[in-house]
Structures are given as structure tokens and as C-alpha cells.
Amino acid sequence: MKSIPLVIAFTVLGFGASVCGAADVGENWTEYCKRCHGADGAAKTKLGRKLKLRDYRDAAVQADMSDQEIIDVIIEGVTTKRGKEAMPDYAEKLTQEEIEAFIPYIRALETP
């Protein structure tokens with residue numbers, strides 16, 4: 001399955017658009033997450049390196065994140081210790097279904 005692009009894999013596996021007309025999780029990842037976290041979740045982007053983001057493909061990183069923590073970060077965003085926004089909140093841009101769709105998407109990221 002690693003050779004199938006994630007967007008196609010998630011659509012086939014049923015992690016795509018919800019019955020409510022929510023955007024496909026792959027489209028949302030591209031629009032809201034890819035700039036910092038990268039297409040593959042490795043965070044090897046300019047911003048990902050600057051912000052010292054973790055590689056979501058790493059099993060230890062995956063084990064360190066609960067599903068609820070992922071949801072909370074998407075809803076609330078992230079602020080640095082100095083009070084600067086490191087990640088905006090997406091509570092107003094994404095539906096609950098769209099936010100929850102990131103769980104299986106992120107959990108399926110793995111090191112090639």
C-alpha cells in the first residue's frame with residue numbers, strides 16, 4: 001500500500017469525505033498541514049524545521065500522541081512559551097468530522 005498515494009488510499013479505505021459533504025482529509029492536509037508538516041508528515045519543510053516539528057512517521061512520536069491530543073491541537077492551535085502562535089486553530093475552518101478524519105490519516109503515516 002505504500003506505493004499508493006495517501007489521498008487515494010484514504011479515499012479507498014473510507015477516510016475521505018464524510019456524508020455531510022466535508023472536504024476529503026487529503027485535501028485538508030494539503031491545504032492546512034502540508035506547508036509545515038510536509039506531504040508525508042516528516043516535517044522536513046522550511047517551516048517544519050524552523051518550528052522543530054516532530055516527524056509523524058516515527059513510531060515513538062505516534063506513541064507519544066493520543067487521538068484526543070491530536071484533536072485538541074487542531075481545534076485549539078499551538079502557542080509557544082513566548083506567546084507566539086506556532087499553529088493556528090482550525091475550529092472555525094474545519095468541521096468536527098474533518099478534524100476527526102485526521103486521526104486515521106496521521107496514524108497511517110509511516111517511514112518509507
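**Conventions**

This is a predicted model, in which local features need pLDDT of at least 70 and side-chain atom pairs count only at pLDDT 80 or more, while totals for chains, interfaces and linings use all residues. Residues are numbered from 1 along each chain as its sequence is written, and side-chain values use heavy atoms, with hydrogens and water left out.

**Stop 1: the whole chain**

Select the protein chain and colour it by secondary structure. It contains 6 helices and 2 strands, where helices (H or I, at least four residues) and strands (E, at least two) are DSSP runs numbered from the N terminus. Read from the N terminus, the order of elements is α-α-α-α-α-β-β-α.

Next, display the surface. The protein chain exposes about 7,300 Å², of which carbon and sulfur atoms supply 55%; accessible areas come from the Shrake-Rupley method with a 1.4 Å probe, and for residues only the protein chains shown count as cover. Of the 112 residues, 35% are buried. Here buried means under 20% relative accessible area, exposed over 50%, and partly exposed in between (1.4 Å probe, protein chains only).

Contacts may be drawn as well, a contact being heavy atoms within 4.5 Å. Among contacts with a separation of 6 or more, 47% join residues 24 or more positions apart.

**Stop 2: the largest nonpolar core**

Select W29, Y56, I74, F102 and I106, the residues with the most contacts inside the largest nonpolar core, which has 19 residues. Such a core is a set of buried Ala, Val, Leu, Ile, Met, Phe, Trp, Tyr and Cys residues joined through side-chain atoms within 4.5 Å. Then highlight α2 (25-37), α5 (67-76) and α6 (96-107), each of which supplies at least two residues of this core. Which element gives the most to this core? It is α6, with 6 residues.

Centre the view on I74. Leaving out residues up to four places away in sequence, I74 touches M87, D89, Y90, A91, L94, I99 and F102.

**Stop 3: Y56 and M65**

Move to Y56, in the loop between α3 and α4. Y56 has a relative accessible area of 15% and is therefore buried. Beyond its neighbours within four places in sequence, Y56 is in contact with W29, H37, G41, V61, Q62, M65, I106 and L109.

M65 is buried, because its relative accessible area is 9%. With residues up to four places away not counted, M65 touches R54, Y56, I70, I106 and R107. M65 and R107 are 42 residues apart along the chain, and their C-alpha atoms are separated by 9.8 Å.

**Stop 4: the largest pocket**

Select H37, L53, V78, A86 and M87, the closest to the centre of the largest pocket among the 29 residues that line it. About 990 Å³ of space lies in this pocket. On a 1 Å grid over the protein atoms alone, a pocket is an open set of points where a 1.4 Å probe fits, with protein on both sides within 12 Å along at least five of seven lines; lining residues have an atom within 4 Å of a point. Grid points are joined across faces, edges and corners, and the volume is the space filled by probe spheres set on the points.

Two or more lining residues come from each of α2, α3 (46-50), α5, β1 (78-79) and β2 (85-87), and α2 gives the most, with 6 residues. Coloured by class, the lining divides into 18 nonpolar, 3 polar and 8 charged residues. The nonpolar class is Ala, Val, Leu, Ile, Met, Phe, Trp, Tyr, Cys and Pro, the charged class is Asp, Glu, Lys and Arg, and the others, Gly among them, are polar.

**Stop 5: three further loop residues**

Select A43, in the loop between α2 and α3. Phi of A43 is near 60°, a positive value in a residue other than glycine. A43 counts as buried because its relative accessibility is 5%.

Then select K52, in the loop between α3 and α4. Phi of K52 is also positive, near 55°. Is K52 buried or exposed? K52 is exposed, at 73% relative accessibility.

Finish at A91, in the loop between β2 and α6. A91 has a relative accessible area of 34% and is therefore partly exposed. Apart from neighbours within four places in sequence, A91 is in contact with I74 and I75. The C-alpha atoms of A91 and D72, 19 residues apart along the chain, are separated by 9.5 Å.
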